[in-house]
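The following exercises concern a single protein chain and are to be worked with the sequence and coordinates at hand. Each task is followed by a solution in steps.

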Amino acid sequence: MNRGAIAEIDLSAIAHNLGTVRKIVRSRQVIAVVKADAYGHGAAAVSKKLVGEGVPYLAVAYISEARELREAGINVPIIVLFDHGDYEDIFDLDLIPVVHDIGAALSLSKAAIKKKALKKIHVKIDTGMGRLGLNGNRIADELVEISMMPGIELCGLLSHFSEADLADRSYALLQISRFNAVREAVSGKLGRKIFSHFANSAAVLSLEDAHFDAVRPGIVLYGYSPLARQTIPSSAFSAETDLIPAMTIKSKVLCIRNIPPGTPVSYGRTFVTKRKSRIGVISIGYADGYSRSFSNNAEILVRGKRAPVVGRVCMDLTMVDLTDIKSARENDEVVILGRQGDERITADELAVKAGTISYEVLTSMGGKSEKTYVENS
Ligand SMILES: *Cc1c(COP(=O)(O)O)cnc(C)c1O
């Protein structure tokens, strides 16, 4: 559906960012997180690129996302992080479910026996995220119980960080020590080590103790660092500056209007011209994921210059002040996110303006725009 806004995805940037992760984690495997349509970049195309680059595992949130990847011809193991509601699909699509409690393990075991199948599973433990996973003080015993259930094979152990992006490492280190305690107890009882993965992007960049056998990055693959600005350890910083954002959001100037001083622009008259003005009407709005909080509060690139958003962002349209960009013309291509000439608008810049994080900017805008794929870098 072409609404004007286009998300241009640079697949070579994603390959480059994968290379950056590999330089940091060396021999560890990379489980590429492609949930939420690869953070708005298009899961099928991004996954094909990553698999082509040798990524051994993909991770998604939901079974439906895994089904889309299988339908796109992707054959690598897919880890389903959150739902394991539909056991048929887990077997039919050959997925690796993440089990969060004993009950789910039992149901999978029963389903596997019925199917005369052996299902590989990974089990999540809650080390302090407070969301999903085995918790309490019987975790190691429960893992042993799960490992003995017929029809299932305990092949992986994982956990998830609550705040690995902060300069204060104490809570992340506490989570790692809890994870290590469970790993040791379980390997003692089972007499074998279990393949373990814990690190999200923040921990990939800044917490080597969390790299274990594999890492599980998302946002860095798309070219953004989750680390809090003022708190980046210097080693992480060089990797961080090496990342290349993969998404550009482009649209166009639908029309330009010449209006006198004192003219209100858009809903609610929150902007009134102070001078004779040229106002550009841009084909993007909150229905395209361009947040209404950018009203009077963001910039769009036109002819390589920053044009301020004026008035409220509408459902399908946004107005910008082009008075100082004399060369701007109707039908000009504009860049809402990404580079144009020497200027650049990042998802971090927009996130600060919208009071959110780059993840939400990417999933909102990328998720709603028609996508094209390029290999630029
Ligand atoms: C989203 C997610 C990741 C990836 O997080 P990033 O911060 O994007 O690297 C890893 N593990 C789990 C369980 C997740 O939900």
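Buried means under 20% relative accessible area, exposed over 50%, and partly exposed in between. The model examined here is predicted.

**Exercise 1. Classify the accessibility of Asp324 and of Arg275, and describe the salt bridge between them.**

Step 1. Asp324 has a relative accessible area of 56%. Exposed means over 50%, so Asp324 is exposed.

Step 2. Arg275 has a relative accessible area of 33% and is therefore partly exposed.

Step 3. The two side chains meet in a salt bridge, with an N to O distance of 3.0 Å.

Step 4. Arg275 belongs to the loop between β12 (271–272) and β13 (277–282), and Asp324 to the loop between β16 and β17, so the pair ties together parts that are 49 residues apart in sequence.

**Exercise 2. Determine whether helix α7 (residues 139–147) is enclosed or open, and identify what its buried residues pack against.**

Step 1. Of the nine residues of α7, seven are buried, so the helix is largely enclosed by the rest of the structure.

Step 2. The buried residues are Ile139, Ala140, Glu142, Leu143, Val144, Ile146 and Ser147.

Step 3. These residues pack against α6 (102–115), β6 (119–124), β7 (152–158) and α8 (170–190).

**Exercise 3. Characterise the interface between domain 1 and domain 2.**

Step 1. The chain is divided into domain 1 (11–225) and domain 2 (247–374). Their C-alpha centres lie 38 Å apart.

Step 2. The size of an interface is often given as the accessible area lost when the parts come together. Here the two domains bury about 1,100 Å² between them, and 64% of this area is on carbon and sulfur atoms.

Step 3. Twelve residues of domain 1 are in contact with 14 residues of domain 2.

Step 4. On the side of domain 1 that touches domain 2, the elements giving two or more residues are α1 (11–25) and α2 (35–40). The largest share, four residues, comes from α2.

**Exercise 4. Describe the surroundings of His41.**

Step 1. His41 is located in the loop between α2 and α3 (43–52).

Step 2. At 0% relative accessibility, His41 is buried.

Step 3. A polar atom of the His41 side chain lies 3.0 Å from the backbone oxygen of Tyr39.

Step 4. Neighbours within four places in sequence being left aside, the contacts of His41 include Ile9, Tyr222, Met247, Leu362 and Tyr373.

**Exercise 5. Which polar partners does the side chain of Asp332 have?**

Step 1. Asp332 lies in the loop between β16 (318–321) and β17 (333–340), and counts as buried at 10% relative accessibility.

Step 2. The side chain of Asp332 makes a polar contact of 2.8 Å with the side chain of Arg303.

Step 3. A polar atom of the Asp332 side chain also lies 2.8 Å from the backbone nitrogen of Arg329.

Step 4. Beyond four places in sequence, Asp332 is in contact with Ser251, Lys252, Val253, Val302, Arg303 and Ser327.

**Exercise 6. How many disulfides does the structure contain, and where is the cysteine sulfur nearest to that of Cys314?**

Step 1. A search of the whole structure gives zero disulfides.

Step 2. Cys314 is in no disulfide, and the nearest cysteine sulfur, that of Cys255, is 12 Å away. The cut-off for a disulfide is 2.5 Å.

Step 3. Cys314 is buried, with a relative accessible area of 11%.

Definitions and conventions: Residues are numbered from 1 along each chain as its sequence is written. This is a predicted model: local features need pLDDT of at least 70, side-chain atom pairs count only at pLDDT 80 or more; totals for chains, interfaces and linings use all residues. Side-chain values use heavy atoms; hydrogens and water are left out. Buried means under 20% relative accessible area, exposed over 50%, partly exposed in between (1.4 Å probe, protein chains only). Domain bounds come from an automatic or database domain assignment. Contact means heavy atoms within 4.5 Å. Buried area is the accessible area (1.4 Å probe) that two parts lose on being put together, summed over both. A polar contact is a pair of N or O atoms within 3.5 Å; within protein, one must be able to donate a hydrogen and the other to accept it, and residues adjacent in sequence count only if both atoms are side-chain atoms. A salt bridge is a side-chain nitrogen of Lys or Arg within 4 Å of a carboxyl oxygen of Asp or Glu.
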